[in-house]
Amino acid sequence: MKFDVLTLFPEMFEPIKQSIIGRATLKKILEINLVNIRDFSKDKHKHVDDTPYGGGAGMLIKPDVVYSSFKSIENHENAKVIYLTPQGKTLTQKKVEELANEEHLILLCGHYEGIDQRVIDKISPEEISIGDYVLTGGELPSMVLIDCVSRYITGVLSKGSTYQESFEGDGLLEYPQYTKPEIFEGIQVPNILISGHHENINKWRRKKALEITYNKRPELLKKANLTDEDKKFLAELNISLSD
């Protein structure tokens, strides 16, 4: 998977070079290229923004520098282009897995008061937001998207690492997990987890996932893929899916 990121602040991407993503780039499983939009400014002072026509607060990134930086990317005409913007559709697990099937993503990071609409219309990217709030730029959302998508690229994570995670598969939040020591601050690991009875362990985990989803994100239960046994357990807890 190849990521090309159009940004005014490539130095912000240092965190994405660490840990799992960093190791995947060293192994050539991932390729992350940072394209500095400012390098394409024809202004001797490297200005990339100007005041908006019609007035208004703030500055807009000029269309020519964005378009030149975009065209500089090899094979850009065959890539999936994404503009990180608060106006985009919210990033979901389903969208993450869909994007993981792409071979080449170009991520455009907005900044200041945004980007001249003409270049957005010209490039015609898919617009994605990571939440209903406003950040100072698209760099952090780009890192979030790279991290999310990369986890589904073969070889980035150990086999099975994404199995039964929150939002994965059935749409439930993940069950609680425990490791050594067996007793911490007087609190013992649930006995079922050290029983060695895998069928009972799986049932316990499923029930805990249902409980946690109900307590933290009850709206997810209405969209989750629930079995008859799940519904029976929820009924025992007096949990109604119609509420």
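In which helix is Leu 140 found? Leu 140 belongs to helix H5, residues 139–150; helices (H or I, at least four residues) and strands (E, at least two) are DSSP runs numbered from the N terminus. The model is predicted, so local features need pLDDT of at least 70 and side-chain atom pairs count only at pLDDT 80 or more, while totals for chains, interfaces and linings use all residues. Residues are numbered from 1 along each chain as its sequence is written, and side-chain values use heavy atoms, with hydrogens and water left out.

**View 1. A nonpolar surface patch that includes Leu 140.** Met 12, Tyr 133, Leu 135 and Leu 140 make a patch of about 350 Å². Leu 140 is partly exposed, at a relative accessible area of 45% (buried: under 20%; exposed: over 50%; partly exposed: in between; 1.4 Å probe, protein chains only).

**View 2. The largest nonpolar core.** A nonpolar core is a set of buried Ala, Val, Leu, Ile, Met, Phe, Trp, Tyr and Cys residues joined through side-chain atoms within 4.5 Å. Among the 24 residues of this core, Phe 3, Leu 30, Ile 82, Leu 105, Leu 107, Leu 145 and Val 149 touch the most other members. Strands E1 (2–7), E5 (80–90) and E6 (104–109), together with helices H1 (19–26), H3 (93–99) and H5, each supply at least two residues. H5 gives the largest share, four residues. A second, separate core of 19 residues includes Leu 6, Ile 37, Val 65 and Ile 123.

View 3. Ser 129 is buried, at 4% relative accessibility. Its side chain reaches the backbone oxygen of Gly 131 at 2.8 Å. Leaving out residues up to four places away in sequence, Ser 129 touches Thr 85, Pro 86, Gly 88, Lys 89, Thr 90 and Leu 91, where contact means heavy atoms within 4.5 Å.

**View 4. Backbone geometry at Pro 181, Ser 124 and Asn 238.** Most residues other than glycine have a negative phi, and most peptide bonds are trans. The peptide bond from Lys 180 to Pro 181 is cis, with omega near 10°; Pro 181 lies in the loop between H5 and strand E8 (183–184). Ser 124, in the loop between helix H4 (117–123) and E7, has a positive phi near 55° and is exposed, with a relative accessible area of 56%. Asn 238, in the segment after helix H7 (228–236), has a positive phi of about 60° and counts as exposed at 70% relative accessibility.

Conventions: Patches are made of residues with over 30% relative accessible area and no salt bridge: like charges are joined within 9 Å, nonpolar side chains (Val, Leu, Ile, Met, Phe, Trp, Tyr) within 5 Å. Accessible areas come from the Shrake-Rupley method with a 1.4 Å probe; for residues, only the protein chains shown count as cover. A salt bridge is a side-chain nitrogen of Lys or Arg within 4 Å of a carboxyl oxygen of Asp or Glu. A polar contact is a pair of N or O atoms within 3.5 Å; within protein, one must be able to donate a hydrogen and the other to accept it, and residues adjacent in sequence count only if both atoms are side-chain atoms.
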